[in-house]
Structure formats: structure tokens, C-alpha cells
Amino acid sequence: MFTETYRLSNGVVIPALGLGTWLLDDGQAEQAVRDAVSIGYRHIDTAQAYGNETGVGKGIRSCGVPREELFITTKIAAEAKDYDAVTQSIDASLAKLGLDYIDLLIIHSPQPWNEFREEKRYFAENKKVWKAMEAAYQSGKVKAIGLSNFLRDDIENIVASCEIKPMVNQILAHVSNTPLELIEFCQKYDILVEAYSPIAHGAILDHAEVKAIADKYGVSAAQLSLRYDIQLGLVVIPKTANPDHMRMNAELDFVIGDTDMETLKNVEVIQNYGEHNFFPVFGEKNKVN
């Protein structure tokens, strides 16, 4: 079981490997949490937008491991863009999870999903969101606060006036789609980068070049992809409800050589994620029927 950790800028320790729960309903999430914890996972990632915080919370409370040994992340809905809405949503997440505190609270997106990466940037609104996050942090409701899907200028907007610096930025980062400049910018300012969908929604599994390198190390393409992100200094949170996949994803006791890392950094960008091509937007405009 891979048990490496990182230390956030405020000293909080975060496991480098976590379980993602996107697309799992409450029942699936509850069982997935129990299975993952029994295997050895101690980091669970959910979000208000996933609609499964209740299930995740039930899994946490029934997994048999003390709460203080677990690291739980959730994310503020991208549509919550004022102080009061965020404050209320934090309390709602705590109630759904059935927890006294959240280890890491993240703004899920700098823009509402229906406006994701469009012209309006919500700079002023995100400053208000961050103030509410800081208040939750100072009150002890959350142990760490961060961002997700924030670009460099989105981050600079927060840092320019914040009392408490963002501790993480969770972004899409995987072999064939690695935003190295953004990663380096975050790391320069001691913001830990977390990689969601580190196995490219599964699109990397049949990639001939990636499979060839994986074969060289006697591992799967999924394991290679996770190890790649970890060697870039990233947290990885692969999503699965399959205990066999959880076990395989946690077998990362190998090191990718420098030459192979450079090759993986330059794999041609995946243009189509198939059924997940609408990701990461949770609004209506990009949903597939």
C-alpha cells in the first residue's frame, strides 16, 4: 500500500494517494469508502456537486477507522459565489458528511459550471468566497483550504488580498495533458497540486506508447500514470468503486526513470475522452444525453 504523504503550507499532512468518488451515488460511495479504508486508503475526496456527501459520510462513520486517521476533502459548489452562500454550504456539507470538521475544503471552480472558462472571471466574487473559507478555517470547521480548476490569474487574484494563502489547487493533470507551467507556478508559491482524473478518465489505458513504458516497469498503464503524477510532486485521487482497482492503484512502489518521465511529459494530447468528454463541467451546457 502506497502511504507517502505531503505537508501543506500550514503543516497539515495529506496522503499523496486518495480515493476519488465522482459519479458514485450515495450507496456506491458509502461502500467504496469502506472498501478503500479496509485496503489502506486514508484520503477520501468528494464534492457538493457529486451529490454523494451523505454516502461518503456514512462510509467514514462505519469504516472502523478513527476519524482523526482519515483525511476528507470536499468542494464548495461552483455556483456559490457570495459569502453567505458559502457559509451556509459549508455547514450543509458538514451536516451531510456527519462530521465535526473537514480536512480540506476547496472552491470547485473559479466560475459557475455553465460559464466555465468563459469571459466573465468572477474575480470579485471569488474574493468573497475566499473570505468565507478563511472564516471557516479560523473557526476550526476546516483544517485546510484550497482551490480547484484555478488558472494562474485566478490564483493571483486570491493571493493579492487573502489573509490565508491557498494550500492546494486541484486540477486535471495526467499523461498527455500535464499543465506544467501551472504546476510550476503553484509549487513556486508552496501551493500543493492535486491531480484529478490522473488516469485520463481511462483514455490512457489503451495508449500504445504509455503501455510500452508500463510494460518496461512491469506495471499497468494506470499504475504508470499515477506514479508519473506523484513524481511531479502531485497528489493523485483516482476514482473507482472496484476494490481490485483500488488495490492496484495503491501498488506504486517503483520509480520511473528520467528519460521515460520526459517521454511521458510529451505524449500527444488526448483530444477525446469518449463518454467523459463533457468533463469537468457539472452544468447543463456540456452534458451528454
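Predicted model: local features only at pLDDT ≥ 70, side-chain atom pairs only at ≥ 80, totals over all residues.
1. Confidence first. The chain averages a pLDDT of 94, with 95% of its residues at 70 or more. The stretch to treat separately is residues 285-289, where pLDDT stays under 50. For those residues the model has eleven contacts beyond four places in sequence.

2. Now helix 1, which covers residues 26-39 and has 14 residues. From first C-alpha to last, helix 1 reaches 20 Å, close to the 20 Å expected at 1.5 Å a residue.

3. Have a look at both ends of helix 1. At the start, a side-chain oxygen of D25 comes to within 3.2 Å of the backbone nitrogen of G27. Just after the helix, G40 has a positive phi of about 135°.

4. Which residues of helix 1 are buried? They are A29, A32, V33, D35, A36, V37 and I39, so you'll find an aspartate, D35, in that list.

5. Over to Q170, which sits in strand 8 (residues 168-172). Is Q170 buried or exposed? Q170 counts as buried because its relative accessibility is 1%, and the cut-off for buried is under 20%.

6. As for what surrounds Q170, leaving aside residues up to four places away in sequence, it touches D45, K75, I106, L147, S148, N149, E194, Y196 and I237.

Note on methods: Residues numbered from 1 in each chain as written. Heavy atoms only, no water. Helix = DSSP H or I, 4+ residues; strand = E, 2+ residues; numbered from the N terminus. Expected span 1.5 Å × (residues − 1). Buried < 20%, exposed > 50% of the residue type's maximum accessible area, 1.4 Å probe, protein only. Polar contact = N/O pair within 3.5 Å; in protein donor to acceptor, adjacent residues only side chain to side chain. pLDDT = per-residue confidence, 0-100. Contact = heavy atoms within 4.5 Å.
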